[in-house]
Amino acid sequence: MDKNSVLYQLMAMRLDSAINSIAERDEDYQASLSAVDKYIDQLKALPLPKETQKLVNDCMSGHIAIGSCWGRLAYLQGFSDCRELLLKPLLSGKEDAGHGLL
């Protein structure tokens with residue numbers, strides 16, 4: 001996805017302004033945080049060598065990055081689907097005037 005596109009810029013602006021307050025109120029998100037905290041504490045309590053700790057941390061960071069990217073792509077797809085749903089009645093029988101703008 002072109003990071004200079006209008007759609008990407010709108011997504012970044014909206015996520016920056018809204019996601020923290022939404023996450024704070026979302027019960028599923030908060031339950032997931034609580035569940036993971038327990039495992040993090042157990043992992044920290046293990047007498048692992050530094051290189052093993054780094055490997056586990058790098059692996060977890062990589063999976064977090066993948067999940068974050070997936071969420072961003074899902075948000076963009078949902079936004080694109082909504083845009084198409086709203087514009088389709090206006091563009092029926094016409095060339096897609098909005099194509100490429102978002």
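Guide: In this predicted model, 10% of the 102 residues of the protein chain count as buried.

Visitor: What makes a residue count as buried?

Guide: Its relative accessible area must be under 20%.

Visitor: Why is C69 called partly exposed?

Guide: C69 has 29% relative accessibility. Partly exposed lies between the buried limit of 20% and the exposed limit of 50%. C69 is therefore partly exposed.

Visitor: What about C82, and why?

Guide: C82 stands at 40% relative accessibility, so C82 also counts as partly exposed.

Visitor: How many disulfides are there?

Guide: The structure holds 0. A disulfide needs a pair of cysteine sulfur atoms within 2.5 Å.

Visitor: Which pattern does the protein chain follow along the sequence?

Guide: The pattern reads α-α-α. The chain has 3 helices and 0 strands.

Visitor: Where do helix 1 and helix 3 meet?

Guide: Helix 1 spans residues 6-25 and helix 3 spans residues 50-91. On the helix 1 side, L7, Y8, L10, M11, R14 and L15 take part. They meet R72, Y75, L76, F79 and S80 of helix 3. Contact here means heavy atoms within 4.5 Å. These residues divide into 8 nonpolar, 1 polar and 2 charged.

Visitor: What is the geometry of helix 1 and helix 3?

Guide: Their axes come within 10 Å and cross at roughly 115 degrees. The crossing is right-handed.

Note on methods:
Residues numbered from 1 in each chain as written. Predicted model: local features only at pLDDT ≥ 70, side-chain atom pairs only at ≥ 80, totals over all residues. Heavy atoms only, no water. Axes fitted to C-alpha atoms, helices over the stretch in contact; angles between N-to-C directions. Helix = DSSP H or I, 4+ residues; strand = E, 2+ residues; numbered from the N terminus. Left-handed = near helix turned anticlockwise from the far one by under 90°. Nonpolar A, V, L, I, M, F, W, Y, C, P; charged D, E, K, R; others polar. Buried < 20%, exposed > 50% of the residue type's maximum accessible area, 1.4 Å probe, protein only.
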